[in-house]
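Here is a short briefing on the structure shown below. It covers ring contacts, cavities and a few individual residues.

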Amino acid sequence: MDAAQQEATARARELQRNWYGEPLGALFRKLIDDLGLNQARLAAVLGLSAPMLSQLMSGQRAKIGNPAVVQRVQLLQELAAQAADGSVSAAEATERMDEIKKSQGGSVLNNTTQTTSGSGAPTVKRVVREIQSLLRSVAAAGDIIDAADSLAPTHPELAEFLRVYGAGRTSDAVAHYQSHQN
């Protein structure tokens with residue numbers, strides 16, 4: 001790989017970190033490990049071709065273009081967390097992966113039992129990720145920041161929202177939300 005390719009890959013991974021909270025290679029490897037998948041099975045569940053998954057993992061491509069695929073990634077992350085804490089058995093995880101694979105994505109803001117806390121309310125992190133997914137499905141982080149800069153003089157609250165939720169990290173957006181609840 002020459003210097004230009006290395007720079008493009010590093011740039012793509014940084015964009016992935018901004019859009020998805022971490023580079024997709026690391027995110028997908030966690031899903032593969034936590035759910036006992038191989039790359040071909042992960043690609044099938046997500047609705048991606050194996051080459052596209054490979055390009056996203058390696059940083060040859062930065063963005064998942066289909067919001068339904070982004071939503072499936074989020075559902076798999078939640079499933080992996082449930083499998084890790086023992087609240088979902090391996091058989092249940094396999095069944096749920098088949099359901100996730102069949103999902104068409106529907107509304108980006110989805111309130112299913114898998115996306116809620118024990119009280120039935122959506123978790124803050126899940127809602128933040130859904131907002132980020134929606135914003136990032138229509139614009140890149142740099143475009144969102146440009147829009148925020150344009151709006152800042154007349155709509156400072158909206159500009160802040162776009163910067164934090166559209167172009168920021170999930171953890172920062174959750175902290176921002178929580179700090180405004182007190």
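Rings of Phe, Tyr and Trp (its six-membered ring) count as an aromatic pair if their centres lie within 6.5 Å; planes under 30 degrees apart are stacked, over 60 edge-to-face, and the rest tilted. By that rule, the structure holds two aromatic pairs. This is a predicted model: local features need pLDDT of at least 70, side-chain atom pairs count only at pLDDT 80 or more, and totals for chains, interfaces and linings use all residues. Residues are numbered from 1 along each chain as its sequence is written, and side-chain values use heavy atoms, with hydrogens and water left out.

**Overall make-up**

- The protein chain has 10 helices and zero strands. Helices (H or I, at least four residues) and strands (E, at least two) are DSSP runs, numbered from the N terminus.
- Of the 182 residues in the protein chain, 38% are buried. Buried means under 20% relative accessible area, exposed over 50%, and partly exposed in between (1.4 Å probe, protein chains only).

**Around Trp19**

- Trp19 and Tyr20 form an edge-to-face aromatic pair, 6.2 Å centre to centre with 80° between the planes.
- Trp19 counts as buried because its relative accessibility is 7%.
- Tyr20 is buried too, with a relative accessible area of 17%.
- Lys63 lies over the face of Trp19, 5.5 Å from the ring centre. The rule for a charge over a ring is NZ of Lys or CZ of Arg within 6 Å of the ring centre and within 35 degrees of the ring normal.

**Largest cavity**

- A search of the whole structure finds two cavities of 30 Å³ or more. On a 1 Å grid over the protein atoms alone, a cavity is a set of points where a 1.4 Å probe fits but cannot get out; lining residues have an atom within 4 Å of a point.
- The largest cavity holds about 140 Å³ of space. Grid points are joined across faces, edges and corners, and a volume is the space filled by probe spheres set on the points.
- It is lined by 14 residues, and Trp19, Tyr20, Val70, Gln74 and Arg129 are the closest to its centre.
- Helices α1 (3-20), α2 (24-35), α5 (67-84) and α7 (124-138) each give two or more residues to this lining.
- The lining of the largest cavity has seven nonpolar, five polar and two charged residues. Ala, Val, Leu, Ile, Met, Phe, Trp, Tyr, Cys and Pro count as nonpolar, Asp, Glu, Lys and Arg as charged, and the others, Gly among them, as polar.
- Domain 1 (1-102) and domain 2 (124-180) each supply at least three residues to the lining of the largest cavity. The domain bounds come from an automatic or database domain assignment.

**Second largest cavity**

- The second largest cavity holds about 50 Å³ of space.
- Its lining includes Tyr20, Lys63, Val70 and Arg136.
- Helix α7 gives the most to this lining, with three residues.
- The lining of the second largest cavity divides into four nonpolar, four polar and two charged residues.
- Domain 1 (1-102) and domain 2 (124-180) both contribute lining residues, so the second largest cavity lies between them.

**Contacts across the sequence**

- Val138 is in helix α7. Val138 counts as exposed because its relative accessible area is 66%.
- Val138 and Pro67 are 71 residues apart in sequence, yet 9.0 Å apart in space, C-alpha to C-alpha.
- Gly25 lies in helix α2. Gly25 is buried, with a relative accessible area of 2%.
- Gly25 and Ser58 are 33 residues apart along the chain, and 6.2 Å separates their C-alpha atoms.

Notes
1 Å grid on protein atoms, 1.4 Å probe; cavity = no way out; pocket = protein on both sides within 12 Å on 5 of 7 lines; lining within 4 Å.
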